[in-house]
Amino acid sequence: MEEVRGMVQKYIGVPIKRREDPTLLTGRGMYVDDIKLSNMAYVGFVRSPYGHARIRGIDISEARRHPDFIYAMLPDEAVYLPSWMKYPGLRDVPRYSLARGKARFVGEPVVAVVARNRYSLNDIIDSIYVEYEPLPPVVDAEKALKPDAPLLYEEWGDNIVMHSTFRAGDVEAAFASASLVIRERMANQRYAPTPIEGRAVLAHMDPTRGELTIWDSTQFPHVLQTYLSQALNYPEHKIRVIAPNVGGGFGPKSSVWPEEVATVQLAIKLGIPVKWIETRREHMQVCGHERQQVHYVEAAFSSDGKLLAIRDKVIADMGVYGTFWTETQPVMVTMAAIPGPYKFHNYEYEIYCVVTNKAPYSPHRGFGRPVAAFVMERIMDIAARRLGLDPAEIRRRNLIPAEEMPYRNVHGIVYDSGNYPEALERALRFAEYEKWRKVQEEERKRGRLIGIGLAMYVEYTAPSSERLAKGLGWQVGGYDSARIRIEPQGKVIVLTGTASQGQGHETVYAQIAADALGVNIDDVIVFEGDSKNCPYGFGAWASRNTVTVGGAIIKAAEKMKEKLRQIAAHMLEASPSDIEIEDSKLYVRGSPDRYVTLADVANAAIREPTKMPPGMEPGLEVTAHYEPTAFTTCSYAVHIPIIEVDAETGSIKILKYYIFDDSGVVVNPMTVHGQIHGALAHGIGGAIYEELNYDESGQLLNSTFMDYLIPSALEMINVDVEHSETPSPNPGGFKGMGEGGSIGAPAALANAVEDALAHLGVQIRETPLKPEYIWRKIKQRQ
């Protein structure tokens with residue numbers, strides 16, 4: 001057993017099998033759609049078939065005649081959906097639970113329908129007639145900036161939801177002194193995270209007490225509770241949100257969507273349980289769209305490969321708006337993340353967040369950072385090629401030295417810890433980089449096109465309240481909470497303010513609590529996902545939970561141990577300072593035979609309080625909150641894929657994929673590897689396969705898995721992972737890491753493809769790297 005930060009590590013660092021898995025793998029999980037209530041009705045939506053149209057009239061007379069029809073909620077009953085983000089240059093969007101006046105994208109909900117029978121629901125929806133006046137749509141963000149473009153919100157006078165600029169250092173002087181200036185247009189496509197379970201909500205109001213219970217496939221039960229109270233003007237103390245088992249989150253479930261609010265409205269109005277379950281087509285059409293940005297980027301380098309400055313103009317396609325609660329933040333995070341692990345002092349950018357007649361822009365695993373890594377890492381490779389440097393060498397010359405940590409980057413983001421130069425060198429050795437360079441050279445003589453990619457990134461996780469408020473204008477907290485209660489038989493109940501979507505919280509939190517308290521892990525039970533029975537928390541996003549909830553668990557455990565030691569010392573006639581806790585036993589230091597069990601102490605504190613020290617309050621229950629002391633908690637990684645390109649078809653085959661990762665103190669290596677592998681699948685999908693395609697009228701052309709490609713088990717490879725541990729300055733030394741694989745992959749694979757084809761003069765400036773795109777690039781050069 002190792003002692004780290006005053007805590008004996010018996011379980012932290014051990015690949016314990018996930019407690020959740022037997023229930024989930026045997027089909028005994030309880031998801032929203034598994035919950036059945038008496039007299040439950042079903043909700044569906046009449047959705048706009050137009051990308052842009054005025055709503056002239058709605059006729060529900062035929063629907064009313066259907067025997068299973070209960071109610072149809074029309075746009076005049078829709079409620080306003082407020083924003084929690086106030087940032088200079090950000091406009092308020094007129095966002096409602098149903099489209100009011102105009103429909104602005106295909107799939108926007110216009111009428112909410114309630115039916116007795118799920119199987120009758122679509123028939124009733126089809127019977128409702130909506131009269132539309134089609135308007136000209138705009139589906140290209142650059143065209144939407146033109147003076148004569150159709151306007152989504154006429155009162156604005158343009159299609160810009162946010163315009164923002166940033167400047168640090170003397171950018172003009174840096175470019176004037178540069179030996180090499182790179183000017184490129186880089187683009188990333190729109191794609192979706194596709195969790196196994198789509199959005200889902202079941203709402204029921206107790207008509208006698210007015211208490212509203214909502215089961216929701218959400219990433220943040222407490223936030224949803226507070227937001228519904230605000231949007232619906234309903235007393236928050238009468239709202240309870242429960243997140244049961246959730247089949248993947250990946251970002252969009254940390255939004256509150258119009259369909260969710262409309263469903264809850266119907267539960268209040270009708271006084272019966274109502275359920276809405278999203279279909280796959282609805283999910284693809286409406287939910288989780290992100291990434292789509294165009295960067296007109298310039299970079300200045302000295303003759304020896306030092307990065308001097310970056311200047312960037314960004315046009316981000318936000319669709320109809322950015323969803324609550326992140327609004328335009330994915331784009332803002334892109335710009336904050338572009339500096340990556342590199343040291344330079346001159347940075348300037350201009351952002352245009354543009355609305356178009358497409359589905360809303362919402363969080364997606366990686367949250368803007370995959371675009372940032374793509375831009376920066378492509379710049380590094382392009383500069384290396386033009387300066388005659390190896391891609392690894394140009395990175396060596398620009399990485400932030402370890403001795404400068406903590407480091408404030410050119411954008412003002414504080415990197416709390418890390419050793420980027422060491423990570424690069426260890427990754428190169430781990431991936432046998434020099435060997436692969438020789439293999440590449442030999443195989444090219446035989447006609448094989450082998451490419452070696454290299455990409456680095458910094459993922460700032462668990463942002464503090466200060467970062468959220470000052471950097472993003474966000475009216476939310478960065479802290480989280482944990483409550484520890486010990487029951488008379490010695491079982492430790494841990495309640496947290498989060499909800500799991502498959503991350504392994506039940507296991508990881510138990511490992512942290514067991515080590516922090518000194519108890520057997522089998523005595524620890526974790527509960528979460530209930531806004532009324534768990535302490536207030538901000539949910540799962542920004543790879544934050546191990547840091548924030550883990551920190552809160554450790555703080556609560558410290559408070560609990562203080563009381564446990566006092567009670568045990570009283571029972572053993574010893575000093576509290578001499579009491580040690582291990583394996584659910586409290587013993588006198590140096591005398592392991594003098595002990596009481598945790599159950600003995602708990603029984604005294606709860607059932608027999610006369611056994612406690614005089615004057616001590618009964619009970620064993622403490623709550624703690626952890627606010628990250630670091631501005632951000634930064635994990636980082638190096639990705640090195642080895643690929644082969646087929647020149648005849650343009651297809652890519654990934655031969656090997658190496659990741660060197662530093663996510664601080666690793667609680668469970670097995671879950672960390674699973675998170676990396678899962679995020680890498682997202683990254684490979686976004687790099688090669690996935691793209692949401694719209695035609696000029698705003699129709700999504702690929703809304704099923706028949707024509708929207710995601711990597712399957714056949715396309716995924718076994719990733720080789722090596723870890724380093726640079727502890728963060730928080731109670732457990734933890735860092736977030738749940739999104740990293742999705743961040744580095746698009747950049748690394750794009751670099752690998754260009755590396756394979758550079759001798760042909762092929763240049764890669766966009767994703768996805770589909771075979772037809774690569775084939776055309778090759779043929780153009782030939």
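The largest cavity has a volume of about 140 Å³. The model in which it was found is predicted. Across the whole structure, a search returns 6 cavities of 30 Å³ or more. A total of 20 residues line the largest cavity. Those nearest its centre are Tyr-96, Ala-99, Glu-108, Pro-258 and Tyr-321. By class, this lining comprises 13 nonpolar, 6 charged and 1 polar residues.

The second largest cavity holds about 100 Å³ of space. Its lining is made up of 14 residues, with Ser-83, Arg-91, Asp-92, Val-93 and Glu-327 closest to the centre. Here the classes divide into 7 nonpolar, 4 charged and 3 polar residues.

Attention now turns to a sheet. Strands S25, S26 and S27 form an open sheet in the order S25-S26-S27, with antiparallel pairing. Strands S25 (579-582) and S27 (591-597) stand at the edges. Each has a single partner strand, so one side of each is left without a neighbour in the sheet. On average, neighbouring strands are turned by 35 degrees against each other, direction ignored. Strand S26 (residues 585-588) is joined to S27 by 4 bridges.

Methods. Residues numbered from 1 in each chain as written. Predicted model: local features only at pLDDT ≥ 70, side-chain atom pairs only at ≥ 80, totals over all residues. Heavy atoms only, no water. 1 Å grid on protein atoms, 1.4 Å probe; cavity = no way out; pocket = protein on both sides within 12 Å on 5 of 7 lines; lining within 4 Å. Points joined across faces, edges and corners; volume = space filled by probe spheres on them. Nonpolar A, V, L, I, M, F, W, Y, C, P; charged D, E, K, R; others polar. Pairing = 2+ DSSP bridges. Helix = DSSP H or I, 4+ residues; strand = E, 2+ residues; numbered from the N terminus. Axes fitted to C-alpha atoms, helices over the stretch in contact; angles between N-to-C directions.
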